[in-house]
Amino acid sequence: IGDVFNKNTNILDFSEFRYFVGITEIDDYAFACYDGDDLNHIVTPSLWRVVMPDNVSSIGIQAFFGCCNLTYLTIGKGVLSIKDAAFQDCYSLKSVSISNNVTHIGNYAFFGCTSLTSITIPDSVTEIGHEAFRFCHNIDSVIIGKGITSIGYSAFELSGANAKTVYCKAIYPPTKIGGTYNDWEAFGTNISNLKIYVPRVSVEAYKRAWSEYATIIEPYDFE
């Protein structure tokens, strides 16, 4: 699809993506709404909804960067990878449906999506990149599927006044990626209003692996 729609301020709804049966990848910067290399000059777009067709397998780097009116996003069943900063600074994004075939969520993928209040990572995802959901201040609930094997530093960095809850279904604690031993902080540093629930049989393993969160890790009986 190239970058033919880059900075197009007239597109409102791309649910019609499903008719683009020949598309297998949303290219880097395809719908990006910033002005050249100046990331401080955001071109205000009108795009508010995107429904990916099932034949798309990859969403490129900064593909929808800065689409500040994008509110609803459905990622098709064929998508395997959401690349770096694909939806960064889509700060009106309220709803994201990630299909159960995605295996990789890149660095900064949803960085700064401040209207998100919850996120569910399907069991198919094995890796979440660093700062993937950083500065998504209004997320109160995170569900991480049982397939996860690694999480990058500051991946969520949950903040804000509301209580935050993380459910991580993986039996084995996901590996820390990036940062140092003391500043991985995938879920932020404000642990006073944060709870992390993990499989009952894995509580001690998580407390050892995620020692910075040991005091707020609790058992949960997942189905």
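Which backbone oxygen does the side chain of Lys164 reach?

Mentor: The model is predicted, so read each value as computed from it. The side chain of Lys164 reaches the backbone oxygen of His137, at 3.1 Å. Lys164 sits in strand β15. Lys164 has a relative accessible area of 3%. Buried means under 20%, so Lys164 is buried.

Now the core. The largest nonpolar core has 60 residues. Phe64, Ile82, Phe87, Ile105, Phe110 and Phe187 touch the most other members. Strand β15, residues 164-168, is one of the elements that give two or more residues to this core. The others are β11 (118-121), β13 (141-144), β17 (194-199) and α1 (203-209). β17 gives the most, with three residues.

Take Phe187 from that group. Leaving aside residues up to four places away in sequence, Phe187 touches Ile144, Ile151, Phe156, Glu157, Leu158, Val166, Leu194, Ile196, Trp210 and Tyr213.

Last, the largest pocket. The space in the largest pocket is about 190 Å³. Its lining consists of Asp123, Lys146, Lys169, Ile171, Pro199, Arg200, Val201, Tyr220, Asp221, Phe222 and Glu223. Six of the lining residues are charged and five are nonpolar. No polar residue is found in the lining.

To recap, Lys164 is buried, and its side chain reaches the backbone oxygen of His137.

Definitions and conventions
Residues are numbered from 1 along each chain as its sequence is written. This is a predicted model: local features need pLDDT of at least 70, side-chain atom pairs count only at pLDDT 80 or more; totals for chains, interfaces and linings use all residues. Side-chain values use heavy atoms; hydrogens and water are left out. On a 1 Å grid over the protein atoms alone, a cavity is a set of points where a 1.4 Å probe fits but cannot get out, and a pocket is an open set with protein on both sides within 12 Å along at least five of seven lines; lining residues have an atom within 4 Å of a point. Grid points are joined across faces, edges and corners, and a volume is the space filled by probe spheres set on the points. Ala, Val, Leu, Ile, Met, Phe, Trp, Tyr, Cys and Pro count as nonpolar, Asp, Glu, Lys and Arg as charged, and the others, Gly among them, as polar. A nonpolar core is a set of buried Ala, Val, Leu, Ile, Met, Phe, Trp, Tyr and Cys residues joined through side-chain atoms within 4.5 Å. Buried means under 20% relative accessible area, exposed over 50%, partly exposed in between (1.4 Å probe, protein chains only). Helices (H or I, at least four residues) and strands (E, at least two) are DSSP runs, numbered from the N terminus. Contact means heavy atoms within 4.5 Å. A polar contact is a pair of N or O atoms within 3.5 Å; within protein, one must be able to donate a hydrogen and the other to accept it, and residues adjacent in sequence count only if both atoms are side-chain atoms.
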